[in-house]
Amino acid sequence: MNRRGIASIAAASLALAACGNETTAAPEATTPASAAPTVTEPLAITHDAGIYVLDGETLKVAHSVALDGFNRVNPAGDDRSVFVSTAAGFQVLDAAAGKLTDITWPGAKPGHVVRHGDKTILFTDGTGEVSSFNPKDLAQGKPQARQYKTARPHHGVAVELADGTMIVTLGTEESRSGALALDASGKEIARNEQCPGVHGEAVAKGDVVALGCEDGVLLFKNGTFEKVASGREYSRIGNQAGSDASPILLGDFKIDKDAELERPENFSLIDTTTNKITVVPMPKGVTYTFRSLGRGPQGEALILGTDGKLHVIDPATAKITSSVPVVAPWSEPLDWQKPRPALFVRGADAYVTEPATKKVHHVDLTTGKVVASGTLDAIPNEISGTVSGH
């Protein structure tokens, strides 16, 4: 099979590490055209003045969308759309045509966008509103969505499983404590409030959901929640990456509660079969950020290190199997909104931004080689793209 045909099993949620957005409202827009996509495998890269849409094969800029401020991008779940988080809420970018549409979910502080199975789930932090829908329906305009509203607005996340079970975090603007599960009719069937600082989610093989805590993870499997403790008083696993091909999740691992900015020297592997967390050291002197985590087509774990290498890890053995040089060594800025190298994975293709040189690079995960690079006019910040077959 051509690697372009490999179903994307990129991380369900490319790490979203902070609360809120400082963005500006989007300009006037139109609904997506029904014509065939005009850009091959579109990528969306944000910068201070807008969004570049690149051809995923050539890495040439196909479109430039003006949009001031700090904006975030996430896959919508189909082959032409990307969600943009603006000050006004979630807005759909027709990346194939290079145009913002008028499909929006208004609300303050648009947060996590989760893709799982045939559903895309939006969580609006400022209102606590959750919307779940089939992204294929975006071709006809704004889809009919399953709606839920949390008891209190908070920086949260939600995911819907194949049987209609929805997992939603619990919290307030001041603190977050755990999650609840709703059945397909919206009835609460389970709850657990033993996950302090709950943040982020990932889904492993077998539809097992993991939510990060400040002392381990909270799993949902077989209809119930199970807390997996790390054994440390503080060990934040706030960002995770899952794969349908593996029962083992990749997570970050931070242990300094008082740090202004902790540059993590270890990562975690969460085995959802044995309920065990394995803490693994990075190569000496190498750290990473919340934009560094991903998964490959065979379930391999991927971490973009500050040594400029894309480290490929076998989750079953916890061993780094290869390290692909991609960018020059770099360091994490104190401000989480500032650019730093970022990773986006789509099937067997990994894309890495390099703010220092205004470049973006394409790594073929099958061969472990950089196969293309492109140069931008502005400094790249976040990177995302379209996906299909997930």
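Modeller: Look for valine 159, which stands opposite isoleucine 167 in E13. You are looking at a predicted model, where local features need pLDDT of at least 70 and side-chain atom pairs count only at pLDDT 80 or more, while totals for chains, interfaces and linings use all residues. Residues are numbered from 1 along each chain as its sequence is written, and side-chain values use heavy atoms, with hydrogens and water left out.

Biologist: What makes E12 and E13 a pair?

Modeller: Two strands pair if DSSP finds at least two bridges between them. E12 and strand E13 (residues 166-171) have three bridges, in the antiparallel sense, so they pass that test. In general, strands of a sheet pair through backbone hydrogen bonds, either parallel or antiparallel.

Biologist: Why are strands E12 and E15 said to stand at the edges?

Modeller: The open sheet runs E12-E13-E14-E15, with antiparallel pairing. Strand E12 (158-160) and strand E15 (188-192) each have a single partner strand, so one side of each has no neighbour in the sheet. From one strand to the next, the twist averages 20°; such angles run from 0 to 180 degrees between N-to-C directions, with axes fitted to C-alpha atoms.

Biologist: Why is strand E22 called largely enclosed?

Modeller: Buried means under 20% relative accessible area, exposed over 50%, and partly exposed in between (1.4 Å probe, protein chains only). Five of the six residues of strand E22 (residues 266-271) are buried, so the rest of the structure largely encloses this strand. E22 pairs in the antiparallel sense with strand E21 (residues 248-253) over six bridges, and glycine 251 stands opposite serine 268 in E22. E22 also pairs in the antiparallel sense with strand E23 (residues 276-281), again over six bridges. There, leucine 269 stands opposite threonine 278 in E23.

Biologist: What makes asparagine 222 stand out, and is this residue buried or exposed?

Modeller: Most residues other than glycine have a negative phi. Asparagine 222 has a positive one, near 55°, and lies in the loop between strand E18 (216-221) and strand E19 (224-229). Its relative accessibility is 75%, so asparagine 222 counts as exposed. Alanine 318, in the loop between strand E26 (309-314) and strand E27 (319-325), has a positive phi too, near 60°.

Biologist: How do you know how many helices and strands the chain has?

Modeller: Both are DSSP runs, numbered from the N terminus: helices are H or I with at least four residues, strands are E with at least two. By that rule the chain has zero helices and 32 strands.

Biologist: Why is the chain called as compact as a globular protein of its length?

Modeller: The globule rule is 2.2 Å times the number of residues to the power 0.38, and the radius of gyration is taken over C-alpha atoms. For 390 residues the rule gives 21 Å; the chain has 19 Å, which is close, so the chain is as compact as a globular protein of that length. Buried residues make up 59% of the 390.

Biologist: What classes of residue does the lining of the largest pocket have?

Modeller: The lining has 11 nonpolar, two polar and nine charged residues. Here Ala, Val, Leu, Ile, Met, Phe, Trp, Tyr, Cys and Pro count as nonpolar, Asp, Glu, Lys and Arg as charged, and the others, Gly among them, as polar.
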